[in-house]
Amino acid sequence: MFRRVLGKTLGFVGYTIQYGCIAHCAFEYVGEVVVCSGPSMEPTIVNHDVVFSERMSRNLFKIKKGDIIIAKSPFDPNMNICKRVIGLEGDKVCTSGPSDLFKTHTYVPKGHVWLEGDNLRNSSDSRSYGPIPYALIRGRVCLKLWPPHSVGTLSESPTRRIIKTQSDSD
Amino acid sequence: MAQQATAGRRYLRAFVSGFFVAVPVTVTVLDRFAYVARVEGASMQPSLNPDGGSDCDVVLLNRWSVRNYQVQRGDIVSVITLGYKNRYVRVPDGHFWIEGDHHGHSLDSNSFGPVSVGLLHGRASHIIWPPHRWQQIKPSLPANRGPLDTQEEEG
């Protein structure tokens with residue numbers, strides 16, 4: 001009787017460990033569901049939207065300019081930020097605001113990316129803290145899951161901050 | 001003939017179900033608990049690889065102890081890789097400063113500046129090879145490399 005209970009408990013623990021590990025692999029290597037908060041990506045993503053972010057692009061280094069990504073905050077590793085990639089390493093990005101008279105540019109250093117929110121007026125991003133290391137990126141947002149009336153893929157950048165180069169035309 | 005087919009199918013089923021147990025469990029253990037890495041190069045002499053040359057140290061990279069990003073000064077850590085000119089630097093919030101023990105022979109924060117804590121990957125907690133160098137790696141700061149002034153957080 002005791003042996004049967006022990007056997008069942010061990011079997012249950014074994015299954016829990018196995019499914020826990022499969023869940024870990026799914027969240028780390030396939031994708032995860034994220035609830036977004038904050039105004040910095042309006043109108044593309046608003047407060048309380050639920051999105052799906054996939055991990056494969058980041059692991060295979062296939063993140064492109066214009067992708068919306070989720071990254072670890074450079075100042076608090078327990079917080080995540082959701083922004084759009086404006087420039088990859090080597091790209092030229094504009095560091096001056098849209099209303100400035102003289103435009104200034106900088107080049108994104110190796111191993112880093114330049115992020116900006118779609119709501120330029122209310123977003124703290126690379127314009128204030130500079131480019132962030134590529135390795136802080138967690139995943140690429142590919143689908144919006146909630147609210148129901150805007151389910152589907154996300155739109156292109158409404159701000160015209162991405163500087164296109166010759167090699168982008170393909 | 002039929003018996004061989006069922007035995008073959010049973011073997012295939014056992015292999016597939018074993019595979020789907022072993023791979024996720026191994027990947028989870030390597031990601032969340034610890035993994036083993038060989039130390040190459042001279043940048044951490046004399047603490048790691050003291051003889052250089054033939055026998056490289058193998059260390060245990062403890063990933064469980066950094067799950068809340070708790071490290072202290074003097075720990076040996078591994079970080080996800082990346083790309084400093086000022087003499088005195090204030091390390092910003094949420095960042096840390098890493099250096100190899102062997103000055104001059106180390107690509108570290110002196111070249112690429114402070115590193116964000118989010119890039120922390122693991123803490124080298126034990127040396128596990130060669131056997132005569134079995135030991136726990138204790139945090140220790142070199143004598144002249146402590147912080148110049150510390151500001152404790154106001155609560």
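## Basis of the model

Because the model is predicted, local features require pLDDT of at least 70 and side-chain atom pairs count only at pLDDT 80 or more, while totals for chains, interfaces and linings use all residues. Residues are numbered from 1 along each chain as its sequence is written, chains are lettered from A and ligands numbered from 1 in the order in which they are written, and side-chain values use heavy atoms, with hydrogens and water left out.

## Architecture and extent of chain A

Chain A contains 3 helices and 9 strands. Helices (H or I, at least four residues) and strands (E, at least two) are DSSP runs, numbered from the N terminus. Along the sequence, the order of these elements is α-β-β-α-β-β-β-β-β-α-β-β. Chain A is more spread out than a compact globule, because its radius of gyration is 20 Å, well over the 15 Å that the globule rule gives for 170 residues. That radius is taken over C-alpha atoms, and the globule rule is 2.2 Å times the number of residues to the power 0.38. Along the principal axes, the C-alpha atoms of chain A fill a box of roughly 85 × 35 × 35 Å.

Contact means heavy atoms within 4.5 Å. Of the contacts in chain A between residues at least 6 apart in sequence, 54% join residues at least 24 apart.

## Surface and charge of chain A

Of the 170 residues in chain A, 43% are buried; the term denotes under 20% relative accessible area, with exposed meaning over 50% and partly exposed the range in between (1.4 Å probe, protein chains only). The accessible surface of chain A comes to about 10200 Å², and 60% of it belongs to carbon and sulfur atoms. Such areas come from the Shrake-Rupley method with a 1.4 Å probe; for residues, only the protein chains shown count as cover.

Chain A carries 22 positive and 16 negative side chains, and the centres of the two sets lie 6 Å apart. Lys and Arg count as positive and Asp and Glu as negative, whereas His and the chain ends are not counted. Each charge is placed at NZ of Lys, CZ of Arg, CG of Asp or CD of Glu.

## Nonpolar cores

A nonpolar core is a set of buried Ala, Val, Leu, Ile, Met, Phe, Trp, Tyr and Cys residues joined through side-chain atoms within 4.5 Å. The largest such core has 20 residues, and those with the most contacts inside it are Ile69(A), Leu115(A) and Ile137(A). Strand S3 (68-72), strand S4 (80-87) and strand S7 (112-116) of chain A are the elements that give two or more residues to this core. A second, separate core of 10 residues includes Ile45(A), Cys82(A), Val141(A) and Leu154(A).

Leaving aside residues up to four places away in sequence, Ile69(A) touches a set of residues including Ile81(A), Val85(A), Leu115(A) and Ile137(A). Cys82(A) and Val141(A) are also among the residues that Ile69(A) touches.

## Two loop residues of chain A

Tyr134(A) occupies the loop between strand S8 (132-133) and strand S9 (137-146) of chain A. At 14% relative accessibility, Tyr134(A) counts as buried. Its contacts, not counting residues up to four places away in sequence, include Ser57(A), Phe61(A), Ile63(A) and His112(A).

Asn122(A) lies in the loop between S7 and helix H3 (126-129) of chain A. With 45% relative accessibility, Asn122(A) counts as partly exposed. Asn122(A) touches Pro39(A) and Ser40(A), again not counting residues up to four places away in sequence.

## Chain B and its backbone features

Chain B has 2 helices and 7 strands, which follow the pattern α-β-β-β-β-α-β-β-β. Buried residues account for 29% of its 155 residues. Chain B exposes about 10800 Å², with 55% supplied by carbon and sulfur atoms.

The peptide bond from Gln45(B) to Pro46(B) is cis, with omega near 0°, and Pro46(B) is found in the loop between strand S1 (34-38) and strand S2 (58-62) of chain B. Asn49(B) is in the loop between S1 and S2 of chain B; its phi is near 60°, a positive value in a residue other than glycine, and its relative accessible area of 3% makes Asn49(B) buried. The peptide bond from Trp129(B) to Pro130(B) is also cis, with omega near -5°.
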